[in-house]
Amino acid sequence: MIYFLGLIIGFLNGFFTSGAGQILVFYLVFIKKFETHKSRALSICVLCISSIISLIFLFDFSKIKIFEIIFIVISSILFGVLGTKIMKKINSNILNLISGILLLVLSVIRFISLR
């Protein structure tokens, strides 16, 4: 099952660049019974690797603006650390609720924009 899930998550991340993390967290929390915070951390780690691989194959390196890349990397690291510290203080049930609401809102917005 985990190998099949890995294939699905890799495909979703490479093809759509969204949704794969939610599927992995759902699987780890509700099926494998992992702790929510650890599941989210593992999801970020797996998707980071998958995103780097997608970047290598999809990115046009001839148009790199190095200062923008440096700014994005530094801000991502800083806010990633801040988000992790905040996440650790939030109850698992509330964290799952927030994640579900965000996913629902984004899905509705995406559905409406396709019309």
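Leaving aside neighbours within four places in sequence, with which residues is Leu24 in contact? Leu24 is in contact with Leu5, Ile9, Ser43 and Val46, where contact means heavy atoms within 4.5 Å.

The model is predicted, and local features need pLDDT of at least 70, side-chain atom pairs count only at pLDDT 80 or more, and totals for chains, interfaces and linings use all residues. Residues are numbered from 1 along each chain as its sequence is written, while side-chain values use heavy atoms, with hydrogens and water left out.

**Overall architecture**

The secondary structure of the protein chain consists of 5 helices and 0 strands, and from the N terminus on its elements run α-α-α-α-α; helices (H or I, at least four residues) and strands (E, at least two) are DSSP runs, numbered from the N terminus. Taken along the principal axes, the C-alpha atoms of the protein chain fill a box of roughly 45 × 35 × 30 Å. Among contacts between residues at least 6 apart in sequence, 55% join residues at least 24 apart. The protein chain exposes about 9200 Å², of which carbon and sulfur atoms supply 76%, the accessible areas coming from the Shrake-Rupley method with a 1.4 Å probe and, for residues, only the protein chains shown counting as cover. Of the 115 residues in the protein chain, buried residues make up 21%, where buried means under 20% relative accessible area, exposed over 50%, and partly exposed in between (1.4 Å probe, protein chains only).

**The nonpolar core**

In soluble globular proteins, nonpolar side chains tend to be buried together. Here the largest nonpolar core has 7 residues, namely Leu5, Ile9, Ala20, Leu24, Tyr27, Leu28 and Leu47, a nonpolar core being a set of buried Ala, Val, Leu, Ile, Met, Phe, Trp, Tyr and Cys residues joined through side-chain atoms within 4.5 Å. Helix 1 (2-15) and helix 2 (20-31) each supply at least two residues of this core, and the largest share, 4 residues, comes from helix 2.

**Packing of helix 3 against helix 5**

Two packed helices are described by the angle between their axes and the distance between the axes. Helix 3 (residues 36-58) and helix 5 (residues 92-114) pack at an angle of about 45°, with their axes 9 Å apart; the axes are lines fitted to C-alpha atoms, for helices over the stretch in contact, and angles run from 0 to 180 degrees between N-to-C directions. Helix 3 and helix 5 are therefore oblique to each other, given that angles under 35 degrees count as roughly parallel, over 145 as roughly antiparallel, 65 to 115 as roughly perpendicular and the rest as oblique. Thr36, His37 and Arg40 of helix 3 make the contact with Ser92, Leu95, Asn96 and Ser99 of helix 5. By class, the residues of this contact divide into 1 nonpolar, 5 polar and 1 charged, with Ala, Val, Leu, Ile, Met, Phe, Trp, Tyr, Cys and Pro counting as nonpolar, Asp, Glu, Lys and Arg as charged, and the others, Gly among them, as polar.

**Individual residues**

Thr36, in helix 3, is buried, with a relative accessible area of 6%. Not counting residues up to four places away in sequence, Thr36 touches Val29, Ser92, Leu95 and Asn96.

Ser39, also found in helix 3, counts as buried because its relative accessibility is 0%. With residues up to four places away in sequence again left out, Ser39 touches Val25, Leu28, Val29 and Phe34.

Lys33 lies in the loop between helix 2 and helix 3, where its phi is near 60°, a positive value in a residue other than glycine. Lys33 is exposed, with a relative accessible area of 64%.

The following table sets out C-alpha separations for pairs of residues.

| Residue pair | Separation along the chain | C-alpha separation |
|---|---|---|
| Leu58 and Ser43 | 15 residues | 22 Å |
| Gly100 and Gln22 | 78 residues | 8.9 Å |
| Ser39 and Leu102 | 63 residues | 18 Å |
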